[in-house]
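Trainee: I would like to take a close look at a single part of this structure and see how its surroundings are built up. Please treat it in one connected account.

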Amino acid sequence: MGKSIESHLHEDRVFQPPKEFSRKARISSMAQYRRMYKESIAKPASFWGREAKELAWQKPWKKVLDWSAPYAKWFVGGKLNVTESCLDQHLDGPRRNKAAIIWEGEPGETRVLTYQQLHREVCRFANVLEANEVKSRDRVLIYMPMIPEAAIAMLACARIGAVHSVVFGGFSAESIVDRLEDSGATTVLTADGGYRRGKVVPLKANVDAALKSHKGVKRVVVYQRTGAKVTMKRGRDLWWHEELEKVSASHQARAFDSEHPLFILYTSGSTGKPKGILHSSGGYLLGAYTTCKYIFDMRDEDVYWCTADVGWVTGHTYIVYGPLANGVTQVMYEGAPNFPDFGRFWSIVEKYGVTIFYTAPTAIRAFIKAGDKFPASHDLSSLRLLGTVGEPINPEAWMWYHEKIGGGRCPIVDTWWQTETGAIMISPLPGCTPTKPGTATLPFFGVDAAILDENGKECKADEGGKLVIRKPWPSMLRTIYGDARRYKKVYWSDYVGRYTAGDGARRDRDGNFWIVGRLDDVLNVSGHRLGTAEVESALVAHKAVAEAAVVGRPHEIKGQGVVAFVTLREGVKTSGRIEEELRNHVGKVIGAIAKPDEIHLTPALPKTRSGKIMRRLLKELVATGKITGNITTLEDFGVITKLQKEMKK
Ligand code: WTA
């Protein structure tokens, strides 16, 4: 294993869970954690079988796990409707009129949906989908703002066995086209717009632009959120509210196989177009449910808030399926964290009495920069537990979160997981695990995580290696949609029968996992995965560009910034603002998060004699301003001098 993934971070501060918290927590001692962990690894069938009984099944399973690497089937023979665990089962008791979603729009309005009301809306919209001939296994693309209808749309799909594929509202029309083509979705659910930083995001207009080049879509159902003017194409586009008028509010939940596909979510890989990660029903729901129960220690009296967008996996598992299956009350917020100023999140925490708060390190860093006066001017005493996800949290940010947001009294769960894992895999349990700033600590139940060297041997303490999972887990991805070969190659070919996460990590002497970052050509920008190859192909698609190479560099707020090296085509006339033009072009092709922070024009890129771009050199160059690494395989040594000069500009 190369030196590149060694970590030199040493952290001695240890924070024990507050006694008061431990006393009430579901898992209140390390002995209890170890006992349950041991059982979950040694006897997964009895452990998960017991946990799964807490979900609503229409038909019991015959076998907990059928594993034929790399394909897992969980709860074989069992049948369920995922939405019954999330909604119907709460209607027979005190949760019936409990708030399921307390939603706040960016302009400031509030809507509350009780479990009964949410159930009713999901049933109505399920009827709308069926009336529009959406059938079981059909793919439905959802491109919505952060409003309750986004969750309603997902749950309505799940209720009728259709497979939702949510596309983040910040992605562009071209990203929609890619996902429509890959998934074969013929129904699109969207809105006239959504509010973000005081402006209306033109969601419907983006869908219209996408559907100019992609022809297979039969129906677009449009929710009226902002009242912005949109064009409706006759015979294809329908108003959400008009469709609701035509249907009843009751809907019988059919039972689907435990392995029935639930959703496809696209995520970046190291090469080519995003991968459609396919998740199925019973196992995924169980992962979402148990991690919420044990890691967020969700209680009936909690007010939980996850600040993610439903367009990412965190929004799927920790806004929709997990919290609802636990019957918790949650806050959902439409807009930006800094609108109208950086006090917005803290005013929401204060206003609704949020007790559990889950956000991303990039947001925390932005808050630190904005200044302590924002959290300090709000009463945050309702909080009892904090969480982070998306990237390693730097110890300074952890300490700030602990002190300024948690008032020194709230445990922090730093949760490591991925779109592919479906649910949290490595995380403290808040009532028992001693935490250190910067480590996600220990594996969750059933997660056999290890760090291996190149020969497949387990690394020693503090030695860096590849993070793998050695046993199947209920919420694991089932495949890459339509590409089983890629599924096997990307995740299961480094070591036989073991899942490779693509992250580098080390374990300290106490067994804690420290995630160092991605090992492949994937950047982590503001907690979101972005393939360098995706940005490169967006750049090369511009008529002025001959070649492009993209690498990451450390960025104070975003974690990683995007740096592009671009060679222009000969003879192309460009305006003086070609860099800006290229940035906007990438924004148009992928979405604003992919816009390069820096673009360097260069007459040539460093290549090997066989023509491969040497990204390693470019990485070193952006990090240190010079190149000292091995360049013997370089084809043209002059390139280096030119690049070093360009970087000094
Ligand atoms: C990174 C997000 C360190 C990691 C749920 C992983 C983290 C990728 C953490 C998945 C964490 C996520 N500490 N790194 N707590 N959480 N990551 O698919 O590199 O958007 O592989 O899923 O984010 O990103 P994804």
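This is a predicted model: local features need pLDDT of at least 70, side-chain atom pairs count only at pLDDT 80 or more; totals for chains, interfaces and linings use all residues.

Which residue does Trp305 stand opposite in β18?

Mentor: Trp305 stands opposite Phe357 in β18.

Trp305 belongs to strand β16, residues 303-306. Val303 and Trp305 point one way from this strand, while Tyr304 and Cys306 point the other way. In a regular strand, side chains alternate between the two faces of the sheet. All four of these β16 residues, Val303, Tyr304, Trp305 and Cys306, are buried.

Strand β16 pairs with two strands. With β18, residues 356-359, it runs parallel and is joined by three bridges. With β17, residues 329-333, it is also parallel, again through three bridges, and here Thr329 is the bridge partner of Val303.

These pairings belong to an open sheet of seven strands with mixed pairing, in the order β5-β4-β17-β16-β18-β19-β20. The edges are formed by β5 (110-114) and β20 (412-415); each has a single partner strand, so one side of each is left without a neighbour in the sheet. From one strand to the next, the twist averages 20°. Beyond β18 the order continues with β19, residues 385-389, which runs parallel to β18 and is joined to it by four bridges. In that pair, Tyr358 stands opposite Gly387 of β19.

Helices pack on this sheet as well. Helix α5 (residues 115-131) touches β4 (99-104) and β5, and its direction makes about 90° with that of β5. Helix α15 (residues 395-405) lies across β18, β19 and β20, running at about 155° to β19.

Together, β16, helix α11 (residues 313-325) and β17 make a right-handed β-α-β unit. Helix α11 packs against helix α10 (residues 282-294) at an angle of about 80°, with the axes 8 Å apart. That makes α10 roughly perpendicular to α11. On the α10 side the residues that meet α11 are Tyr284, Leu285, Ala288, Tyr289, Thr291 and Cys292; on the α11 side they are His316, Thr317, Tyr318, Tyr321, Gly322, Pro323 and Ala325.

His316 is buried, because its relative accessible area is 0%, and the cut-off for a buried residue is under 20%. Leaving out residues up to four places away in sequence, His316 touches Met154, His164, Val166, Phe263, Leu265, Tyr284, Val310 and Tyr321. Tyr284 is also one of the α10 residues that meet α11.

As for Phe125, its contacts, apart from neighbours within four places in sequence, are Ile152, Ala153, Ala156, Leu189, Val221, Trp240 and Leu244.

Note on methods
Residues are numbered from 1 along each chain as its sequence is written. Side-chain values use heavy atoms; hydrogens and water are left out. Contact means heavy atoms within 4.5 Å. Buried means under 20% relative accessible area, exposed over 50%, partly exposed in between (1.4 Å probe, protein chains only). Two strands pair if DSSP finds at least two bridges between them. A crossover is right-handed if, with the strands pointing away from the viewer, the path from the first strand over the helix to the second runs clockwise. Axes are lines fitted to C-alpha atoms, for helices over the stretch in contact, and angles run from 0 to 180 degrees between N-to-C directions. Angles under 35 degrees count as roughly parallel, over 145 as roughly antiparallel, 65 to 115 as roughly perpendicular and the rest as oblique.
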